[in-house]
Amino acid sequence: MGTQPAERRQFASDNYAGICPEAWAAAGEANVGHVPAYGDDPWTARAADLLRQLFETDCEVFFVFNGTSANSLALASLCQSYHSILCSETAHVETDECGAPEFFSNGTKVLTIAGKDGKVDPAGVDWMVRRRSDIHYPKPRVVSLTEATELGTVYTPDELKAIWAKAKSHGLRIHMDGARFANAVASLGCAPKEITWQAGVDVLCFGGTKNGMAVGEAVVFFDRQLAREFDYRCKQAGQLASKMRFLAAPWVGMLKDGAWLKNASHANAMADMLHSMVKGLPGVKVLYPREANSIFLELPRSVREGMHERGWKFYDFIGWGGARLMCSWDTSPEEVWAFAHDLAGLAADVGR
Ligand SMILES: Cc1ncc(COP(=O)(O)O)c(C=O)c1O
């Protein structure tokens, strides 16, 4: 393919992508005249209503700037400082939020659970609760699940329900990090409610940024009681946007005609295409099942370095290592083909 590295869409992160037309247009439409500040505007009301429609329930909705704050503040609203949050050892809240969940909850401890393919399972939850019940152990209070996971896998509704049953038996709440929630819904072909409130999720952090927006995540409380004074938490944490309409309007653009699902389905399809083109190459090992918009590859060092030299950007440090290749709403089949073509050439050199 003829594109130069500087112009290419990359596979490093879905955060590398720009803003999709639907989100951009809605922000433009909102940029008219004066409206009340701090979320007291028609765009914020409409975005929250569209989310209630999407989830088919009367949830409470807040908009914040990014995923770290959404997760941290949502978790803080579920915990006291002496509690603990149980999550996978590859969970973003543990590995990539610089201690923000502990910070914003005044010290609630994050405890990790080993599991397969980036997932938590009911036995792991059970073990973490039962292993200690004395006063010296931070009392487990929440299970935090990432959907789709950091390793690109997806919990099915049945898997989530099994975790919920275990969590409920121990009096634990469920938080969902949905930075790539749209990709999970697209992958499963289910209704959003089936992997949230119908599977016991108390609060979802629904990611907009990776789905084609500039900034903005929705914190969706299915248990409205838990949302009490959440607006104060947002304000204190510097997450209450004064010009909230510009966080909210892109959500309207994404939700009103289904762009959120179209974008996610496209990103997943590009990851699927990439997966089928590289999976049999000599020396290339696919590390986890391809279920959402990423694949992870173990690559010979010379191949990895050769790809970087050819201008391809991707991360080697997510999860347990391996090259993470992430597709976005705007990844094109031509770029997938070009990447796979370069990879095949380098892999063949190693095999020779
Ligand atoms: C699983 C997951 N959760 C949350 C986030 C949100 O992070 P940020 O604070 O950068 O928006 C990310 C971003 O990489 C992520 O991958």
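**Entry 1: ligand contacts**

I began with the ligand and found a polar side-chain atom of His92 at 3.5 Å from one of the ligand's oxygen atoms. The model I am reading is a predicted one. I then turned to Asp177, where a polar side-chain atom lies 2.6 Å from a nitrogen atom of the ligand. For Arg180, I noted an N or O atom of the side chain 3.2 Å from a ligand oxygen atom. I next looked up how much of the ligand is covered: taken alone it exposes 390 Å², and the protein buries 80% of that.

**Entry 2: the ligand's surroundings**

I asked where the ligand sits, and found it in the largest pocket. I listed the residues that surround the ligand: Asn66, Gly67, Thr68, Asn71, His92, Glu97, Thr146, Glu150, Asp177, Ala179, Arg180 and Lys210. Sorted by class, this shell holds 1 nonpolar, 6 polar and 5 charged residues.

**Entry 3: the loop between β4 and α7**

I moved on to the loop between β4 (139–146) and α7 (157–169), where Leu151 is found. Is Leu151 buried or exposed? Its relative accessibility is 2%, so I recorded Leu151 as buried; the cut-off for buried is under 20%. I also checked Leu151 against Phe222, which is 71 residues apart from it along the chain, and read 26 Å between their C-alpha atoms.

Ala148 is found in the loop between β4 and α7 as well. I noted that the peptide bond leading from Glu147 to Ala148 is cis, with omega near -5°. I marked this bond for the record because most peptide bonds are trans.

**Entry 4: positive phi angles**

I then looked up backbone angles, keeping in mind that most residues other than glycine have a negative phi.

Cys98 is not a glycine, yet I read a positive phi of about 55° for it. I placed Cys98 in the loop between α4 (92–95) and α5 (100–104). With a relative accessibility of 82%, Cys98 counts as exposed, because exposed means over 50%.

Asp117, not a glycine either, has a positive phi of about 55°. I located Asp117 in the loop between β3 (109–113) and α6 (122–130).

Notes: Residues numbered from 1 in each chain as written. Predicted model: local features only at pLDDT ≥ 70, side-chain atom pairs only at ≥ 80, totals over all residues. Heavy atoms only, no water. Near = heavy atom within 4 Å. Polar contact = N/O pair within 3.5 Å; in protein donor to acceptor, adjacent residues only side chain to side chain. Areas by Shrake-Rupley, 256 points an atom, 1.4 Å probe, with all protein chains shown as cover. 1 Å grid on protein atoms, 1.4 Å probe; cavity = no way out; pocket = protein on both sides within 12 Å on 5 of 7 lines; lining within 4 Å. Sits in = over half its atoms within 2 Å of the grid points. Nonpolar A, V, L, I, M, F, W, Y, C, P; charged D, E, K, R; others polar. Helix = DSSP H or I, 4+ residues; strand = E, 2+ residues; numbered from the N terminus. Buried < 20%, exposed > 50% of the residue type's maximum accessible area, 1.4 Å probe, protein only.
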